[in-house]
Amino acid sequence: MKNHNYFQMRTFLYPREEQLTAEFKLNELGSLWFCTQKSVKRRLKQFAEEGKLIYTPGKGRGNPSCIMFHRPFQQEIEDAVRHLVQCDQLEDVILLLQLPIPRTWIANVSKEVQSLFGIHSSEQPRDVLRTALTRELTTLDPLYASITLETFIIHQLGDTLITYDQEHDLLKPHLAHYWESSNDGRIWTFYLRKGVRFHNQQVLTSEDVSYTFKRFRTSSSSHFWLVEDIEQIECLSPFTIRFKLGRPNALFPRFLSSHNLVILPKNEPFDENKWIGTGPFQIKKRTDTLLILQAFDNYFLTRSLLDEIEMYRVPIETTHSTMYEVDHHNEINTVYQHKQDIEVGFRFLAFNFNRNTIVHQASFRKAIYHLMDIKKLWADLGRSNLQVASSYFFWKSKHQQKDFHRVKLLLEEAGYQGELIHVYTLERQNSIEEGEWFKQEASKVGLRLEIKTYTLTEYYDPSLEEADLLFMGEVASTDHHLSFLGAFLNKALIFNRFLSETYLENLNVYFEKIKQATDWKTREAWIDEAERFIHQETLFLYLYHPIKNRTFHPMIKDIQFESFGYVDFRKLWIK
């Protein structure tokens with residue numbers, strides 16, 4: 001960005017600015033720009049010649065210099081954003097918005113910024129989808145990725161041996177065109193497609209599959225539960241691979257459809273920024289503020305109809321809703337498609353059983369249950385479209401009876417002595433509001449809470465385990481049963497980190513029954529039993545099911561949703 005140094009300086013000096021004037025020392029700007037004082041003077045002279053400011057050098061050694069700006073900083077920021085938007089220079093807009101400027105200024109230009117997002121067609125023709133990220137990406141390594149967005153991106157870059165068809169509750173061939181098992185369910189043989197190529201043009205073989213699975217087995221992967229039953233892996237031929245399990249597992253093929261088990265090349269060291277897979281998209285560019293995925297022309301199935309996906313990291317103030325637009329088609333009479341759906345998953349409040357606190361008292365957890373009245377929270381915060389949760393799955397959720405008058409008695413029964421309870425919540429407006437509401441309600445019964453925020457970037461950090469209670473969410477992939485298991489068996493997720501070993505062992509009895517079940521109805525019954533145990537022990541609180549709203553331009557076709565509620569980029573196209 002041409003004027004980035006200038007805006008860096010204005011941001012730095014803004015806190016001390018009075019009537020468009022600020023004092024400073026040359027070495028301060030030298031440290032800011034990583035340059036010599038001579039270079040600082042040269043830049044200031046250039047800014048003065050461009051009519052941006054008047055620079056007055058300090059008189060005498062050690063005396064501060066002075067700058068008088070010609071225009072208010074906010075006005076310059078807003079004008080610069082609008083100019084960059086007109087020039088379609090989105091990357092420069094994003095760079096500017098990363099500066100620590102007041103968030104209200106960003107909100108003032110949010111409409112202009114949002115106009116750059118959506119699907120754009122150029123004269124080549126190339127179809128490019130621009131979408132916004134409101135946070136820094138965490139890991140894209142399948143060994144560890146446990147947050148929905150990162151797992152979704154991995155699914156665009158790589159492929160699994162087989163895929164799960166939610167509509168028909170069955171598995172379908174993918175990288176493997178056929179598979180079979182022994183009668184006892186301990187030996188599984190997969191036959192690979194021929195001619196499948198990685199992004200580096202290397203041909204996929206059974207050695208790549210073996211390498212991928214051994215990578216999971218020889219690491220501290222949080223997804224180890226997916227491969228823990230494997231005792232032996234044999235490459236019978238370049239396109240045939242056999243897994244021998246230590247115990248029967250009827251659900252084993254379903255495990256292999258997990259996005260985290262995408263196949264990686266054996267002869268290419270894994271690199272998050274280069275990311276070699278067989279998927280429909282490959283990484284073209286990755287920076288702190290931008291991720292560009294490019295269609296892989298040699299994809300073994302149908303090539304994506306989108307040519308590129310550009311994901312820009314922008315402040316959350318610029319994204320009021322999820323909107324999919326088409327450039328140059330903002331006709332007044334355009335009728336947009338609105339899609340609203342309830343997320344398969346739920347928001348919850350977790351108790352940390354791995355700290356020596358009062359949460360171990362069942363009466364305390366019951367008190368929190370009655371205190372956390374979601375209907376009252378919704379009414380007090382003026383929200384609508386409430387879907388109260390009492391289950392992982394919204395179609396199973398029922399009304400929960402809350403009685404605020406029982407809270408004090410339950411706290412006394414638990415032996416609460418006024419100790420401070422540490423509550424963590426996501427650093428998002430809605431989540432912070434919920435945390436503050438919870439604190440206010442708690443104060444009515446003498447319960448002392450301290451609210452601390454965390455970001456998803458900090459999600460994997462062990463410091464999160466210093467929380468006594470924690471607000472978080474869980475979202476399902478299209479394979480709901482596998483997602484239910486993963487919510488508790490994935491070592492990076494909150495339930496596995498917060499529940500005691502005893503409770504996890506109790507739940508594992510149900511999980512083993514789910515693994516051995518050969519039909520949907522039996523698995524559902526064991527899931528119901530597991531949830532009954534969760535309610536009986538109040539292991540955590542189900543809060544609500546989020547509702548997602550999306551708006552699409554009518555020229556965008558084949559809008560389908562896949563895992564974790566994201567739009568399936570493989571099928572989107574413009575009429």
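Predicted model: local features only at pLDDT ≥ 70, side-chain atom pairs only at ≥ 80, totals over all residues.
**Helix H12 pair.** I started with aspartate 380 and lysine 376, which sit four residues apart in helix H12 (residues 374-380), so about one helical turn separates them. Helices here are DSSP runs of H or I with at least four residues, strands are runs of E with at least two, and both are numbered from the N terminus. The two side chains form a salt bridge, with the closest N and O atoms 2.8 Å apart. My criterion for a salt bridge is a side-chain nitrogen of Lys or Arg within 4 Å of a carboxyl oxygen of Asp or Glu. Aspartate 380 comes out partly exposed at 43% relative accessibility, and lysine 376 is partly exposed too, at 31%. For the cut-offs, buried is under 20% relative accessible area, exposed is over 50% and partly exposed is in between (1.4 Å probe, protein chains only).

**Ground rules.** Residues are numbered from 1 along each chain as its sequence is written, and side-chain values use heavy atoms, leaving out hydrogens and water.

**Other salt bridges.** I got 33 salt bridges for the structure. Arginine 135 and glutamate 150 make one of them, at 2.8 Å from N to O. Arginine 135 is in the loop between strand S5 (127-133) and helix H8 (148-157) while glutamate 150 is in helix H8, so this pair ties together parts 15 residues apart in sequence. Buried or exposed, for arginine 135? It is buried, with a relative accessible area of 14%. Glutamate 150 is buried as well, at 0% relative accessibility.

Next I looked up glutamate 207 with lysine 266, a salt bridge whose closest N and O atoms are 3.5 Å apart. Glutamate 207 belongs to helix H9 (residues 206-217) and lysine 266 to the loop between helix H10 (252-255) and strand S12 (281-286), so the link spans 59 residues in sequence. Both ends are partly exposed: glutamate 207 at 36% relative accessibility, lysine 266 at 41%.

**Helices H15 and H18.** How do I describe two packed helices? I use the angle between their axes and the distance between the axes. For helix H15 (residues 480-489) and helix H18 (residues 520-537), the axes come within 11 Å and cross at roughly 35°. The axes are lines fitted to C-alpha atoms over the stretch in contact, and angles run from 0 to 180 degrees between N-to-C directions. H15 contributes His481, Phe484 and Phe488 to the contact, and the H18 residues include Trp520, Arg523 and Ile527. Contact here means heavy atoms within 4.5 Å. By class I get six nonpolar, one polar and three charged residues. The classes are Ala, Val, Leu, Ile, Met, Phe, Trp, Tyr, Cys and Pro as nonpolar, Asp, Glu, Lys and Arg as charged, and the others, Gly among them, as polar.

**Strand S13.** Five of the six residues in strand S13 (residues 290-295) are buried, so the rest of the structure largely encloses this strand. S13 pairs with S12 in the antiparallel sense over five bridges, pairing being at least two DSSP bridges between two strands. A three-residue hairpin joins S12 to S13, and phenylalanine 281 stands opposite alanine 295 in S13. S13 also runs antiparallel to strand S14 (residues 308-313), again with five bridges. There, leucine 291 faces methionine 311 in S14.
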